[in-house]
Amino acid sequence: MSRALFLVSTGRTGTTWMEHCFSEAGARAFHEPGPAVIRHVSHAYASGHLSDARAASLLEKWRAAPLADESAPNVEASTLVYGLTRPILTTFPGAPVVHVERAPQTFLKSGMN
């Protein structure tokens, strides 16, 4: 089993900063790793247009190789996979998934900046 942590968010929550902190601490950390189409897969799964099996299959294809290196903990901080929490838990049993949220009072101002 890989030592993986998935930080999932809906955006503007500090995932870039979190990836930097984990990298500085020695983890193999990635901010929104590709492929870019994973955002569409996440939307399709969350809206019920993609099966559990297909979503898990795509995650296995795109994430298994990078997570196989257990020399350091692996951290993915991403807004792209917000809709894939269940397939992540199925594909990588035991990997924690943390959903990061931002206080709504500052979301709009941050997005405009």
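The side chains of Arg63 and Glu76 form a salt bridge, with an N to O distance of 2.7 Å; the term denotes a side-chain nitrogen of Lys or Arg within 4 Å of a carboxyl oxygen of Asp or Glu. Arg63 belongs to helix H3 (residues 52-68) and Glu76 to strand E3, so the pair ties together parts that are 13 residues apart in sequence. A search of the whole structure returns 1 salt bridge. Arg63 counts as buried, at 5% relative accessibility, and Glu76 likewise counts as buried, at 6% relative accessibility. Buried denotes under 20% relative accessible area, exposed over 50%, and partly exposed the range in between (1.4 Å probe, protein chains only).

The model is predicted: local features need pLDDT of at least 70, side-chain atom pairs count only at pLDDT 80 or more, and totals for chains, interfaces and linings use all residues. Residues are numbered from 1 along each chain as its sequence is written, and side-chain values use heavy atoms, with hydrogens and water left out. Helices (H or I, at least four residues) and strands (E, at least two) are DSSP runs numbered from the N terminus.

Strands of a sheet pair through backbone hydrogen bonds, either parallel or antiparallel. Here, 4 strands make up an open sheet in the order E2-E3-E1-E4, with parallel pairing; two strands are taken as paired if DSSP finds at least two bridges between them. From one strand to the next, the twist averages 15°. Axes are lines fitted to C-alpha atoms, for helices over the stretch in contact, and angles run from 0 to 180 degrees between N-to-C directions.

Within the sheet, E1 and E3 run parallel and are joined by 5 bridges, while 4 bridges join E2 to E3, also in parallel. Glu76 in E3 is the bridge partner of Phe6 and also of Phe30. E3 is mostly covered, with 5 of its 5 residues buried. Asn74, Glu76 and Ser78 point one way from this strand, whereas Val75 and Ala77 point the other way. The parallel strands E1 and E4 are joined by 4 bridges, and Ser9 stands opposite Val100 in E4.

Helix H1 packs on the sheet and touches E1, E2, E3 and E4; its direction makes about 165° with that of E2. Contact is defined by heavy atoms within 4.5 Å. The buried residues of H1 are Thr15, Met18 and Glu19. Viewed down the axis of H1, these residues fall within an arc of 100°, so they line one face of the helix, the arc being that of the directions from the helix axis to the C-beta atoms. Their cover includes E1 and the strands E2 (28-31), E3 (74-78) and E4 (97-100). Trp17 and Glu24, on the other side of H1, are exposed. Gly26, which follows H1, has a positive phi near 105°.

The largest nonpolar core contains 17 residues, of which Phe6, Ile38, Val81, Leu84, Ile88 and Phe92 touch the most other members. A nonpolar core is a set of buried Ala, Val, Leu, Ile, Met, Phe, Trp, Tyr and Cys residues joined through side-chain atoms within 4.5 Å. Two or more residues of this core are given by each of E1, helix H2 (38-46) and H3. H3 supplies the largest share, 5 residues. Leaving aside neighbours within four places in sequence, Phe92 is in contact with Phe6, Leu59, Arg63, Ala64 and Leu67. A second, separate core of 8 residues includes Leu7, Met18, Ala27 and Ala77.

Most residues other than glycine have a negative phi, and most peptide bonds are trans. Arg12, in the loop between strand E1 (4-9) and helix H1 (15-24), has a positive phi near 60°. Arg12 is partly exposed, with a relative accessible area of 43%, and its C-alpha atom is separated by 18 Å from that of Ala36, 24 residues apart along the chain. Glu32 lies in the loop between E2 and H2 and has a positive phi of about 50°, although it is not a glycine. Glu32 is partly exposed, with a relative accessible area of 27%. Pro35 also has its place in the loop between E2 and H2, and the peptide bond from Gly34 to Pro35 is cis, with omega near 0°.
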